[in-house]
Amino acid sequence: MTPTRIRTIVLRALLLTVLALAATFALDPFRNYQLAVVAATFCATAGLTLLVGLTGQLSVGHAVLMAAGGYGYALASAPAADAGLGGPARFALGMLGALVLSGAVGGLLGLAGARLRGPYLAGLTLALVIALPALATQVPGLGKDQGLSVPFEGVPAPLAGLMVVEQWHAWIAVLVAAVVVTPLVVLRSGRPGLRMRAVHGDEVAARLAGVSPARVKVGAFLVSSVAAGLGGAVLAVVTQNVGPGRYSLAFSLLLLVAVVVGGLGSIGGAAAGAALVVLLPWLVDTAVSGLPADVAQRLSGNLAVAVFGALLVAVTLAWPGGLAAATAGPRGRLARRLTRGPAPALPPPSDTRPDPQPITER
Amino acid sequence: MDRLVLLVSTGVARGLVVALFALSLVIIWRAARIVNFAQAAMAVVAVYVAFAVQQATGSYVLALLAALVTGALLGVAVERGLMRHVAGRTPLPGMIVAIGLVMVLQSTLGILVGPQHRPMTPVLSQSPLYVGTVPVLSRYDLFVLVVALVVVVGLGLLFNRTTLGLQLRASAVAPEVSRLLGVRVPRMVTVGWMLSCAVAALAVLLLVPTELGLNAHSGDVLFVHAFTVAVLGGLDSPAGALVGGLVVGVLVSLVTGYASAGLAPLAVLALLTVVLLVRPGGIFATREARTA
Amino acid sequence: MTAALAVDGLVVGYAGAPVVDGMTLEIAPGAVVALLGANGAGKTTVLRTLSGLLTPRAGRVLLDGDDLGAVSVEDRSRRGLAQVPEGRSVVAELTVEENLQLGALWRRPGRAERRAAVDEMYGMFEPLARRRASAGHQLSGGERQMLALARALISRPRVLLLDEPSLGLAPRVVAQLFAVLRAAADATGLTVLLAEQNVTSALSIADRGVVLGLGQVVADAPATDLAADPALRHAYLGF
């Protein structure tokens, strides 16, 4: 990948970051909080879209990786706070903790995933996310159902007059997202991205070309896990808490919705998707709050999920490239091609049922 | 010792239900070569229908029939209406569609029937029968045992001794060759879905009376357990589903009894991880050979 | 006399890059025709189109004079158009007995008739009788191809298509297989279209040879002429 390409990507990221930071001045505190949550979710969806879109590994447990990041942050920053360390040092330590824990979990999952075909990996991540509440309750030191509290990151002195804490948190979130996502864009556009797509398309051919499928898949899992973990850490900072309740199967599925609707493999799509899955439920809740109590209770939560489920089905059936493909252009076309899988050798035969796949690789 | 016997026999009873659900996953794998992630959600819908039938008529037999029929119809609807239109040569789009379906089904159920658990009275007594002074299975457990065995034997006969079964098996492993021999492969896939969803509905119907009650999420844990069983036993082995179901059922029962209920999901996860790492094809899996 | 099998102006493949480009051919009932040509000449494409696995961009496929048009793969088979496809065609997970039962399913209805049909095949292919309970993947290459042929013949087809049946087989086995094929064709009046790269073996049992080049018929002559004419052989068969 040429230095010019990298420079372009970095410059573009810089520009977008500055714009986002500037935008926070125009938003009220609640909107800034939402922006922070979207940015944190974006870290996870950016990693997930690469994992699912480029290497074809489906994970329905990415919430657990965000949780790992959150717990890692809490476990590392709490003692730092007790030791009296100041804001930046405490934050850095916390982020390191998040990186380590989410990297460890992601690495292990990736190792398991490299040996497994699609449905099996998905099933394993499903079992993991369902077991998370049990993990949190049974492993000592994780705070059981209430979870752990996270040290409060107040606005630093030099900026105290300029902004309130929600805006400061939005700044943290945007900056972390920029630092996490930009390398992902570089990876995707460069040789690692090519290797990932090669492995997804045809593992045997990839191996013959000198690409190690196992290493690529584990690498992809690791990268996406760390991205999700750092996003989870930001979420923990913004909400000052990390507990099993937030990181449920439902949340994992929302992440999946975000990347599918946004367009598998598209980072821009991941951003749009993140915004969608954070803002839509809130919109629905606001809309139904006017209705009688029991109706509202049934609708809130459920209606958004129903819409997301329908979107998931509709997008996969009708617009496999998601939002990214809908915005026609080279990026969109790429997203569409990425999701279609390996191309057929001849004109599509009348028998469109795919050949049986072996359960595992040996 | 008494405690062990009780735990094991409870585990066996519970394990049979899991085995039955796992069997439904095996059927759909043998018939269509996919793992249907929406299986439990579809089964729960069928059981809600059965519940309504039972409330209306008071007859368990009618409710059971309703569950089977609804399950089969749902299978046809989902396969013809949704899965058949999934493009792409990898299993990924199919899985994503199934997940979307789960979200739609569970949330719609939640909107329509609310979050309460609706208790279902078991058709036979759940109090344990005694061998001497040792409590073992209850009448309801024996009923489940009989049903499970009937289904297993029936399906075994269907797949291995009938021409329909031969076509189902051939369609799954060699669809193109089967078409060249005159087999209507798309129809076989639909039949596979019908059978599979009917059996899944039956499994959930048998499960619910032993739990708190019927609820949109009644099938979630069952799916994870059954998936573990199917992996343990090998996705194409009905016998494996049976044995695996008993293993998982007893494991969960023992862990709940001797440790705590909270550890059960972890035990299942640990078991799944170990099996997948050691034998990614499942312990009983037959060799996945391609057509020669 | 209506041709047992005919194609008329067949075009198959991508727009602008057709694999089969305007092929016309008629095969009389009972004839054994060898379809020859280099690798990539389009033989497999032709056979797959005849069976309905591929849809032509233009042209027609006629079975006993009926335009097969939109007739599905399964229905073509049920009408008596059988194919032994290239390479892997024995269902490895099923036993020899099951493979044969599968082949007889739709054209030999009734359990008793199917039993008789299977036994008939065991009589014709003795090695299969010995291995009746073996799974497909346990058979040798020769046994597999024998099974594939038996499975096609058991349905008493009217037209039989074979795609490179000699691939990967020892010469002696090929000779045996082809002898059985010719005998069966003579006995039942079966029409055969045999796509092959093994030119000598194919021409030895065929009545007629059709050579495919660049998606079109470039030579069509009695088998003996093709085998004997060095110019034809050089130009189209490479030796």
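A residue counts as buried here if 20 or more other C-beta atoms lie within 10 Å of its own, as exposed if 12 or fewer do, and as partly exposed in between, with C-beta atoms placed from the backbone. The model is predicted: local features need pLDDT of at least 70 and side-chain atom pairs count only at pLDDT 80 or more, while totals for chains, interfaces and linings use all residues. Residues are numbered from 1 along each chain as its sequence is written, and chains are lettered from A and ligands numbered from 1 in the order in which they are written.

**Exercise 1. Describe the overall build of chain B.**

Step 1: start with the elements, where helices (H or I, at least four residues) and strands (E, at least two) are DSSP runs numbered from the N terminus. Chain B has 11 helices and 2 strands, and their order from the N terminus is α-α-α-α-β-β-α-α-α-α-α-α-α.

Step 2: turn to the dimensions. Along the principal axes, the C-alpha atoms of chain B fill a box of roughly 60 × 45 × 35 Å. The radius of gyration of chain B is 19 Å, which agrees with the value near 19 Å for a compact globule of 292 residues. That radius is taken over C-alpha atoms, and the globule rule is 2.2 Å times the number of residues to the power 0.38.

Step 3: look inside. Of the 292 residues in chain B, 57% are buried. Among contacts (C-beta atoms, placed from the backbone, within 7 Å) with a separation of 6 or more, 72% in chain B join residues 24 or more positions apart.

**Exercise 2. Work out which parts of chain B touch chain A.**

Step 1: 51 residues of chain B are in contact with 48 residues of chain A.

Step 2: on the chain B side, at least two residues each come from α4 (92-113), α6 (163-173), α7 (175-180), α9 (220-233) and α11 (264-278). The most come from α4(B), with 14 residues.

Step 3: sort this side of chain B by class, which gives 33 nonpolar, 12 polar and 6 charged residues. Here Ala, Val, Leu, Ile, Met, Phe, Trp, Tyr, Cys and Pro count as nonpolar, Asp, Glu, Lys and Arg as charged, and the others, Gly among them, as polar.

Note on methods
Two residues are in contact if their C-beta atoms, placed from the backbone, lie within 7 Å.
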